[in-house]
Amino acid sequence: MARMAVARLAPGGRFILYTGSAFVDGEDHLARELQAVAADAGCSLRYEEIDPDVFGEELENPAYAKVERIAAIAAVMRRPSA
């Protein structure tokens, strides 16, 4: 979704994302991937962890067996003005 959105940004445009990010082995993989997307698109990225453990009850789901925590994050990618 982020790749598709930034590809369509006009100069000065912003893509705003509010979601959860799963931390595995102490690493925020979403932050790393969004940094790569922003760099590839020539955009800046502002990334902030809003709540360190907002979806704790989800960790009981077997799909999250390797996940330590799920943090609420806000990310803003901005394409430079022309």
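This is a predicted model: local features need pLDDT of at least 70, side-chain atom pairs count only at pLDDT 80 or more; totals for chains, interfaces and linings use all residues.
Which residue caps the N-terminal end of α2? D28 does: one of its side-chain oxygens lies 3.3 Å from the backbone nitrogen of L30.

**Around D28**

S21 lies in strand β1. Is S21 buried or exposed? S21 is buried, because its relative accessible area is 1%, and buried means under 20%. Leaving aside neighbours within four places in sequence, S21 touches D28, L30, Y47, R69, I70, A71 and I73.

**Helix α2**

Now follow the helix itself. α2 has 13 residues, which at 1.5 Å a residue should span 18 Å. Its end C-alpha atoms are 19 Å apart, so the two values agree.

The buried residues of α2 are A31, L34, V37 and A38. They cover an arc of only 125° around the axis, so they sit on the same side of α2. An α-helix has 3.6 residues a turn, so residues three or four places apart point the same way. On the other side of α2, A39 and D40 are exposed. The cover over the buried residues includes α1, β1, β2, β3 and β4. Just after the helix, G42 takes a positive phi of about 70°.

**Strands**

β1 pairs with β4 and with β2. The table sets out both pairings.

| Pair | Sense | Bridges | Opposite residues |
|---|---|---|---|
| β1 and β4 | antiparallel | ten | F15 and M77 |

β1 and β2 form a hairpin, with two residues between them. In the turn, D25 has a positive phi of about 55°.

**The core**

Which residues make up the largest nonpolar core? There are twelve: A2, V6, L9, F15, L17, L34, V37, A38, C43, I73, A75 and M77.

F15 is one of the core residues. Its opposite number in β4 is M77, another core member. Apart from neighbours within four places in sequence, F15 is in contact with M1, A2, A5, V6, L9, A75, V76 and M77.

From α2, the residues L34, V37 and A38 belong to the core, and these three are among the buried residues of that helix.

Technical notes
Residues are numbered from 1 along each chain as its sequence is written. Side-chain values use heavy atoms; hydrogens and water are left out. A nonpolar core is a set of buried Ala, Val, Leu, Ile, Met, Phe, Trp, Tyr and Cys residues joined through side-chain atoms within 4.5 Å. Buried means under 20% relative accessible area, exposed over 50%, partly exposed in between (1.4 Å probe, protein chains only). Contact means heavy atoms within 4.5 Å. Two strands pair if DSSP finds at least two bridges between them. Helices (H or I, at least four residues) and strands (E, at least two) are DSSP runs, numbered from the N terminus. The expected span of a helix is 1.5 Å times one less than its number of residues. The arc is that of the directions from the helix axis to the C-beta atoms. A polar contact is a pair of N or O atoms within 3.5 Å; within protein, one must be able to donate a hydrogen and the other to accept it, and residues adjacent in sequence count only if both atoms are side-chain atoms.
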